[in-house]
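This report describes selected residues and their charged pairs. Please consult the sequence and the structure shown here before reading on.

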Amino acid sequence: MEHVVIIGGGFGGVNLIKELAKDKNFEITLVDRNNYNFFPPLLYQVSTGFLDAANISYPFRKLLRKYKNVHFSMGELEKILPDAKVVLINSKPIQYDYLVLATGLSTNYFGMENVKHHSLPMKTLGDALALRNHILGRLEAASAEPDPQIRQKEMNVVVVGSGPTGVEISGMLSDMKRDILAKDHPEIPASGTEPHIYLVDGLNEVLKPMSDKTHAYAFKALTQMGVDVRLGMQVKDYDGDTVVFTNGQQIDTKSLIWAAGVTGTKFEGIPPESYGRGNRIIVDEYNEVLNMKNVYAIGDISLQTHESAYPGGHPQMAQIAIQQGKNLADNLIAELENQELHPFKYHDKGSMAIIGRNRAVVDLPGKAHFNGILAFYMWLMVHLLSLVTASNRITTFYNWLIAYFSRDQSLRMIIKPSDKSQ
């Protein structure tokens, strides 16, 4: 049996396993730093208390138990020894015949250490839960604060990055402000103050990679919802109290949500020349890493430039990781059977983003564009069906129904780990 070691159990890794596990000539080991798979596009709903963490996550060992040739190991990749075909996971060696890197990307703070230390990222389930605790904690602090200036600082929220994550969390915070604030914290509107939500980006368009119609609709919708959209502004520094911008402007806030950029992680054992822009790993049309043999990269971490439509590499989207995972599985099986390999070809299924209640945007191939309530329902359906298991879909749909018809949810609890937790 050929041993395939997969580092990372996101969209790419899981879909690679599902296809490859059908062939009993392969033994597969999945390595991930977490013991669960989670659905990143819905992290912002966990962070705002509209979904529970369990709605968008599922334990790997339960997910994979039906595949007898698949094993799971919780740990982190420390080093690759390509000549020996060995990876070190938590200092323990694992032999491989094929190695697949599907680690995704991490938050990029562009060298700003203060921003890294004081801001709130949104890349992991842990980040989402920490953000939920922070937002709810700031509202509690504002409710008890007599000084209006300090109270305003507690409630101000600056979201940096106008991509889907930034737009979606800004819209959700706006919906919370409209539908929930006065019910949960009546003392805040009674004091004459209210949360102010800023969406800031150095670019000149909201949802920049999408269509012009989407740019216009998203900007208008966010503005109508009360979000203060400020484009062409770049963050220079943040000390936990004041955001300073390169143009000299400042915003006082205790909450800076960072959704502005991503970068890859460099692994010992991969040649420096195999890394491209953003520390993404350069791969060929078959997703094999440049200058390496039997080592592959798929999903966001991979930089693949053979398609003329994507000379700078594919965008970081779930569909690309899913399709690359499936294509690589087919090619590994074909190689074992001495059959022809097929270069990866991305089939664009469009892009979408939700802005708020009954507000969303959808761009489909062929320049088809939808916005408003129809796009909202399209977004709900696609994301519901994309969840990893039926139980995730059922519980998420149930929570969405409650939130939609009641304009409320009962998941706004500040739950922190105890000091003795490991």
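## A salt bridge between D408 and K183

The side chains of D408 and K183 form a salt bridge, with 3.9 Å from N to O; the term denotes a side-chain nitrogen of Lys or Arg within 4 Å of a carboxyl oxygen of Asp or Glu. D408 lies in the segment after helix 13 (390-406) and K183 in helix 8 (residues 181-184), so this pair ties together parts that are 225 residues apart in sequence. Helices (H or I, at least four residues) and strands (E, at least two) are DSSP runs, numbered from the N terminus.

The model is predicted: local features need pLDDT of at least 70, side-chain atom pairs count only at pLDDT 80 or more, and totals for chains, interfaces and linings use all residues. Residues are numbered from 1 along each chain as its sequence is written, and side-chain values use heavy atoms, with hydrogens and water left out.

## The pair K254 and D241

A further salt bridge joins K254 to D241, whose closest N and O atoms are 2.7 Å apart. This pair links distant parts of the chain, 13 residues apart: K254 is in the loop between strand 17 (250-252) and strand 18 (255-258), and D241 is in the loop between strand 15 and strand 16. K254 is partly exposed at 30% relative accessibility, and D241 is also classed as partly exposed, at 26%. In these terms, buried means under 20% relative accessible area, exposed over 50%, and partly exposed in between (1.4 Å probe, protein chains only).

Strand 15 covers 235-238 and strand 16 covers 242-245. Apart from neighbours within four places in sequence, D241 is in contact with K153, I251, D252, T253 and K254, where contact means heavy atoms within 4.5 Å. From D241 to F397 the C-alpha separation is 38 Å, and the two residues are 156 residues apart in sequence.

## Other salt bridges

The count comes to 14 salt bridges. One of them pairs K22 with E19, with the closest N and O atoms 3.5 Å apart. Within this pair, K22 is exposed at 61% relative accessibility, whereas E19 is partly exposed at 23%.

Is N133 buried or exposed? N133 is buried, because its relative accessible area is 11%. The residue belongs to helix 5 (residues 125-143). Not counting residues up to four places away in sequence, N133 touches M413, I414, I415 and K416.
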